Amino acid sequence: MSHAPRTGLAAVSAALLAMSRHLEVRDVLKTIVASARELLDAEYAALGVPDDHGGFAQFVVDGVSDEQWKAIGPLPRQHGILAAMLREARTERLADVRQDPRFEGWPATHPDMSDFLGLPVKDGDETIGALFLANKRCPKPQGGCGFTQDDEELLRILAQHAAIALTNARLYERSRELTIAEERSRLAHELHDAVSQKLFSLRLTAQAAAKLVDRDPARAKGELQHVVELAAEATEELRAAVVELRPAALDEDGLVATLRTQIQVLDRAHTAHVTFETGGIRALPAAQEEAVLRVAQEALHNALRHSGANHVHVTLDKRGTGAALRVTDDGSGFDPKAVRRAGRHLGLVSMRDRAGGVGGRLTVESEPGKGTTIDMEVPGG
């Protein structure tokens, strides 16, 4: 297979059009990285979006297999060349990144890299990301960098358009979040009004039946039948509302993408480092996906709000035709035998009910001072 890059205006145009086609932030990042690697004929490319805690909220790579990326480990922190690029917001073109005094090494499983080209992605004065390329596929000049001044200029053009595409994608996602929030608010009001009316009628009818039991049993029986009907109607109202309140992102993005996005948001919002790992997972029936998402949300809430954890790790893997979720934290832990106390404070009863409701099971391992691990398994379709 040829690795020859596409060149000229047509190649640049194709890359810019590809970026503009996507509205989801992660899709935009992947397209930017793949386009940069192809245009400049590099072996590796990456784009990092910094968080506010010295790490990266998102870090997308191209040229590294899923197996390699998994072996490398957690997202990089902002150190060495990466930190310098984000802090100083200037282009770096190096003959050998390993010889730079700012180089601080990489994990043992990290691919070997030599010549390096990187530049910031800026929105006005704000650095919103950094784009990196390594190992130009060409003969290297003696002691020099394979990447040229022309490559640098081309990457700068790409980065300018990448900033626009990334900003637009963020605005789109924010708009969608606001729309979902407004819709949930509307449904909550409708649910409150409809169910409140039903419950009020049910209470009055039950009171009437109680007064009639002794003096007019036949009429009391009729009123009790009405109570049964009202209760059934209230149940249907609730069931319909629950169906409508299914997380919209699940339908649009699927379980893995929805969970990854939520974990990235939590990692940015909390001092604890929240990480996510998944592999081989396939789509599950809607009920199972929602149950897994809700249990993950509850477990994450517990770990971040109550345990004092420094690190929370979530894994979602294939288990037969179904899936296995694990949420582990290094927080304060608790005594699982204290079922009533723990269930009331940590939502364990609710999580077990969600797992059981879709034919799955939930187990909890914890010990005071030694963190907590919550495992959930659900069957597939």
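Predicted model: local features only at pLDDT ≥ 70, side-chain atom pairs only at ≥ 80, totals over all residues.
**Exercise 1.** How many bridges join β7 to strand β8, and in which sense do the two strands run?

*Solution.* Residues are numbered from 1 along each chain as its sequence is written, and side-chain values use heavy atoms, without hydrogens and water.

Step 1. Strands are DSSP runs of E with at least two residues, and helices are runs of H or I with at least four, numbered from the N terminus; two strands pair if DSSP finds at least two bridges between them.

Step 2. β7 and β8 (residues 322-329) run antiparallel and are joined by eight bridges. T315 has R326 in β8 as its bridge partner.

Step 3. The two strands form a hairpin with two residues between them, and G320 in the turn has a positive phi of about 65 degrees.

**Exercise 2.** Identify the sense in which β6 and β7 pair.

*Solution.* Step 1. Strand β6 (residues 273-279) pairs with strand β7 (residues 311-319) in the parallel sense, over seven bridges.

**Exercise 3.** Is helix α4 mostly covered or uncovered?

*Solution.* Step 1. Seven of the nine residues of α4 (residues 80-88) are buried, that is, under 20% relative accessible area with a 1.4 Å probe, protein chains only.

Step 1. Among them are I81, L82 and M85.

Step 2. Their cover includes β1 (42-50) and β5 (126-136).

Key. Buried < 20%, exposed > 50% of the residue type's maximum accessible area, 1.4 Å probe, protein only. Contact = heavy atoms within 4.5 Å.
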